[in-house]
Amino acid sequence: MNPNASTSSSPEATGHQTMHFVILVLAIISAGLSQGMLLPVLAIFLEKMGVSSTLNGLNAAALYVGSFSMTLMAERLVGRLGFKKLMLLGLIIVIIALPLFPLVPGIAFWFVLRLLVGIGDSAIHYVAQLWVLMVTSPENRGRNLSIYGISYGIGFSIGPLGISLLDWGMAVPFLLMTGMFIIVALLVWWKLPAGGPGRGEAIKPEKGRFVRSYRLAWYALIPALLYGYMEAAMNSNFPVYGLRTGLSTDQIAYLLPFIGVGGLVLQLPLGILSDRWGRKRVLMLAGALGGLLFMLVPFAGTKLLGIAILFAVAGGLVGSFFSLGLAYAADVLPRTYLPAANVLASFHFNFGSIVGPAIGGKGIELGSAASLFWILGGCYVIFALLGLLFREKQNKMSS
């Protein structure tokens with residue numbers, strides 16, 4: 001598959017572009033692995049240490065506070081350092097932070113380390129997302145960004161299996177993850193071009209770009225917020241929800257990957273469908289159905305098969321929200337606004353990831369564990385209905 005069909009001019013150039021795309025995929029898989037592992041593993045540790053669900057959720061949000069802080073700087077940093085150096089910086093930060101988790105187990109130290117991992121992962125995400133956006137033609141945008149989303153989903157789905165590695169020692173999952181990041185960093189340093197995507201075009205921030213991006217693409221930016229909310233709440237709050245409703249840690253580790261597996265199965269078909277049928281239609285339908293399925297989870301009780309099916313289908317429907325939302329924003333915005341749209345999408349993702357565990361944890365603490373899924377599902381249903389408003393405003397913008 002050629003991720004850059006619109007700019008390739010020779011078999012050699014195509015080969016280089018494909019290799020670059022593969023390296024970006026590996027970097028995103030690694031970022032997904034780190035987040036998918038850290039959230040449930042540390043949530044279980046803190047729950048067993050007697051930490052309240054609210055404080056547990058707030059500690060988990062540190063990952064996304066760090067990611068949020070990088071989002072505020074990413075656009076200018078990539079302009080100063082370049083794509084390759086910023087990605088290497090993110091990889092090195094994560095490589096330093098990961099092996100320190102098992103050395104000093106404690107809520108305060110872990111908060112700082114999660115901040116660092118969030119900063120590093122955010123740098124990796126920003127560079128990879130913008131790279132893919134800038135080299136992909138509009139007719140293949142849904143497909144290629146779906147591949148990007150699948151890559152993250154693979155890592156995020158495998159991440160919770162790190163719970164099982166704890167039987168070999170607390171340090172094992174963290175050391176294995178560090179080793180993978182080192183390999184990816186070497187590939188980035190060795191193979192990615194210093195000039196970045198395409199001809200290394202410079203990013204020139206335009207005054208008022210964020211306000212105009214919101215005006216033109218507010219609906220396309222909401223999916224990133226919902227995806228961040230869902231991802232963080234499920235991986236931080238569901239372990240607590242599961243323990244309090246009678247599930248074992250092994251059952252929790254078994255169930256969590258089903259959300260990512262569903263996303264892996266449906267992400268590429270939904271991306272291709274969005275290229276042909278329209279991204280807004282796909283987002284509205286997936287949001288409505290996915291939200292309703294999340295709201296049904298409490299009714300499954302502790303039945304593993306029922307929860308697994310609901311997780312797989314709901315996760316499959318909304319698992320492409322970040323990539324489809326970003327592709328939709330690229331459809332309705334000028335090319336010069338893509339860096340700003342990428343910042344806004346990352347900002348929304350991080351904001352959703354920060355408030356998700358806090359809201360979910362507070363709901364569980366107040367005695368309504370089911371509220372975790374009712375609020376989450378309701379947000380997706382409301383998003384689907386908001387799509388009716390965006391159609392009218394979009395027509396006015398384009399006229």
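In which helix is the place of Ser 236?

1. Ser 236 has its place in helix α9, which spans residues 209-245; helices here are DSSP runs of H or I with at least four residues, strands are runs of E with at least two, and both are numbered from the N terminus. This is a predicted model, in which local features need pLDDT of at least 70 and side-chain atom pairs count only at pLDDT 80 or more, while totals for chains, interfaces and linings use all residues. Residues are numbered from 1 along each chain as its sequence is written, and side-chain values use heavy atoms, with hydrogens and water left out.

2. Ser 236 is buried, with a relative accessible area of 2%, where buried means under 20% relative accessible area, exposed means over 50%, and partly exposed lies in between (1.4 Å probe, protein chains only). Residues up to four places away in sequence aside, Ser 236 touches Leu 39, Ala 43, Ala 60 and Pro 357, contact being defined as heavy atoms within 4.5 Å.

3. Helix α15 (residues 338-365) has 28 residues and reaches 40 Å from its first C-alpha to its last, close to the 40 Å expected at 1.5 Å a residue; the expected span is 1.5 Å times one less than the number of residues. Helix α15 is mostly covered, since 20 of its 28 residues are buried.

4. Gly 208 has its place in the loop between α8 (172-191) and α9, and at 36% relative accessibility Gly 208 counts as partly exposed. Although Gly 208 and Ala 340 are 132 residues apart in sequence, their C-alpha atoms are 10.0 Å apart in space.

5. The axes of helix α6 (residues 141-158) and helix α11 (residues 257-277) come within 8 Å and cross at roughly 175°, which makes α6 roughly antiparallel to α11. Axes are lines fitted to C-alpha atoms, for helices over the stretch in contact, and angles run from 0 to 180 degrees between N-to-C directions; angles under 35 degrees count as roughly parallel, over 145 as roughly antiparallel, 65 to 115 as roughly perpendicular and the rest as oblique. By class, this contact has nine nonpolar, nine polar and three charged residues, where Ala, Val, Leu, Ile, Met, Phe, Trp, Tyr, Cys and Pro count as nonpolar, Asp, Glu, Lys and Arg as charged, and the others, Gly among them, as polar.

6. Helices α11 and α12 pack at an angle of about 135°, with their axes 7 Å apart, and are therefore oblique to each other. On the α11 side the residues in contact are Leu 270, Gly 271, Leu 273, Ser 274, Asp 275 and Trp 277, which meet Arg 279, Arg 281, Val 282 and Leu 285 in α12. Five nonpolar, two polar and three charged residues make up the contact of α11 with α12.

7. The structure holds two salt bridges, a salt bridge being a side-chain nitrogen of Lys or Arg within 4 Å of a carboxyl oxygen of Asp or Glu. One joins the side chains of Asp 275 and Arg 279 (2.8 Å, N to O), and another joins those of Arg 279 and Asp 331 (2.4 Å, N to O). Arg 279 lies in helix α12 (residues 279-296) and Asp 331 in helix α14 (residues 321-332), so this pair ties together parts that are 52 residues apart in sequence.
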